[in-house]
Amino acid sequence: MDTLENASLDAATVLAEALPYIQRYHGKTIVIKYGGHAMADEALKRSFASDVVLMKLVGMNPVIVHGGGPQIGQLLERMGKKSEFVEGLRVTDRETMDVVEMVLGGLVNKEIVALINSQGGRAVGLSGKDGGMIRARQLLLHQGETDTDPGETIDIGHVGEIQSINPEVVDVLYQGDFIPVIAPIGVGEDGNTYNINADTVAGRLAATLGAEKLILLTDTPGVLDAAGQLLTGLSRQDVEGLIKDEVIVGGMLPKVRCALDAVSGGVAGVTISDGRIPHSILLETLTDGGVGTLIHS
């Protein structure tokens with residue numbers, strides 16, 4: 001068999017493997033949290049955009065929630081404003097919130113929309129403020145909290161937590177066959193704008209939309225065991241045990257907690273995947289093995 005025939009056979013095998021997954025996810029919502037290195041590398045950005053368009057063309061309903069922390073930090077630095085963090089959250093005064101909204105709701109959001117549209121998609125960018133989609137309230141941190149002592153309350157400004165999500169705007173975009181691209185910004189009853197963790201928004205949105213799957217793109221292979229090996233399939237009980245044993249720590253903790261919340265909210269599966277791998281979202285939706293850690297009920 002010559003090289004051309006081998007290539008044709010490989011292509012046919014890939015398509016045959018993908019078919020049952022295309023059937024399974026046809027008409028289903030897939031929420032993708034897009035961030036990290038996948039947003040910084042030009043080749044990865046193009047492959048991400050083309051993959052999202054392909055998902056839409058085969059009948060899936062992809063919804064993108066994006067971050068933009070590095071871009072925010074870079075602009076603040078150019079303005080001569082130092083970024084401050086408390087427990088991993090950016091201290092966000094009014095001036096910083098203006099920058100966050102400009103970067104997330106403007107520059108980053110519109111770039112992603114343009115990338116998807118350049119690949120033949122029909123993306124529409126919006127933030128959680130549009131149509132009152134994400135209602136939020138100020139997130140207050142408590143340090144030194146115990147059962148008997150509330151500890152010290154720390155005000156970190158316009159950082160929010162989700163009160164509710166109204167999916168009507170996304171539903172309207174579905175009906176028009178558009179791909180929603182959402183910046184994680186919410187609005188409070190007080191009229192203030194709040195910056196919300198993108199993983200948190202993606203998880204809550206997936207549950208609200210009744211998504212079949214949530215994919216969290218990261219800059220790591222996924223959840224690792226104590227020996228540094230990738231764990232490919234975890235139940236809720238497995239994850240809670242790994243947290244208790246302090247195998248899951250640091251920046252992975254918020255992601256797995258987001259995954260657990262999404263699964264509890266009815267999402268069938270959450271995958272924490274390496275966004276540095278080209279076509280990672282297709283590998284997670286259209287192949288048997290995937291490339292990251294699947295968390296399920």
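My entries below go from pockets to a cavity and then to helix contacts.

**Before starting.** I note that this is a predicted model.

**Entry 1, the largest pocket.** I began with the pockets. How big is the largest pocket by volume? I got about 1600 Å³. I then asked which residues sit closest to its centre. They are Leu-89, Asn-197, Ala-198, Asp-199 and Thr-200, out of 46 residues that line this pocket.

Next I looked up where the lining comes from. Elements giving two or more residues to it include the helices H3 (69–78), H6 (198–209) and H8 (252–264). Strands are on that list too: S4 (89–90), S6 (134–143), S7 (152–165) and S11 (213–218). H8 gives the most to this lining, with 7 residues. I also sorted the lining of the largest pocket by class and found 20 nonpolar, 16 polar and 10 charged residues.

I moved on to the second largest pocket, which has a volume of about 290 Å³. Its lining is made of 18 residues, and those closest to the centre are Lys-213, Thr-271, Glu-284, Asp-288 and Leu-294. Helix H1 (3–25) supplies at least two residues of this lining, and so do strands S13 (269–274) and S14 (293–296). By class I have 4 nonpolar, 9 polar and 5 charged residues in the lining of the second largest pocket.

How many cavities of 30 Å³ or more does a search of the whole structure find? It finds 1. The space in the largest cavity is about 60 Å³.

H2 and helix H9 (280–286) each supply at least two residues here, and H2 gives the most, with 4 residues. The classes in the lining of the largest cavity come to 7 nonpolar, 4 polar and 1 charged.

Helix H2 (residues 42–57) and H4 pack at an angle of about 65 degrees, and their axes are 8 Å apart. The crossing of H2 and H4 is right-handed. On the H2 side, the contact is made by Lys-45, Ala-49, Val-52 and Val-53. H4 brings Glu-111, Leu-115 and Ile-116. I count 5 nonpolar, no polar and 2 charged residues in the contact of H2 with H4.

At what angle do H3 and helix H4 (residues 94–118) pack? I read about 125 degrees, with the axes 10 Å apart. H3 is therefore oblique to H4. Here, too, I noted the handedness: H3 and H4 make a right-handed crossing.

From H3, the contact residues are Gln-71, Ile-72, Leu-75 and Leu-76. From H4, they are Thr-96, Val-99, Val-100, Met-102, Val-103, Leu-104 and Val-108. The contact of H3 with H4 has 9 nonpolar and 2 polar residues, and no charged ones.

Methods. Residues numbered from 1 in each chain as written. Predicted model: local features only at pLDDT ≥ 70, side-chain atom pairs only at ≥ 80, totals over all residues. Heavy atoms only, no water. 1 Å grid on protein atoms, 1.4 Å probe; cavity = no way out; pocket = protein on both sides within 12 Å on 5 of 7 lines; lining within 4 Å. Points joined across faces, edges and corners; volume = space filled by probe spheres on them. Nonpolar A, V, L, I, M, F, W, Y, C, P; charged D, E, K, R; others polar. Axes fitted to C-alpha atoms, helices over the stretch in contact; angles between N-to-C directions. Parallel < 35°, antiparallel > 145°, perpendicular 65-115°, else oblique. Left-handed = near helix turned anticlockwise from the far one by under 90°. Contact = heavy atoms within 4.5 Å.
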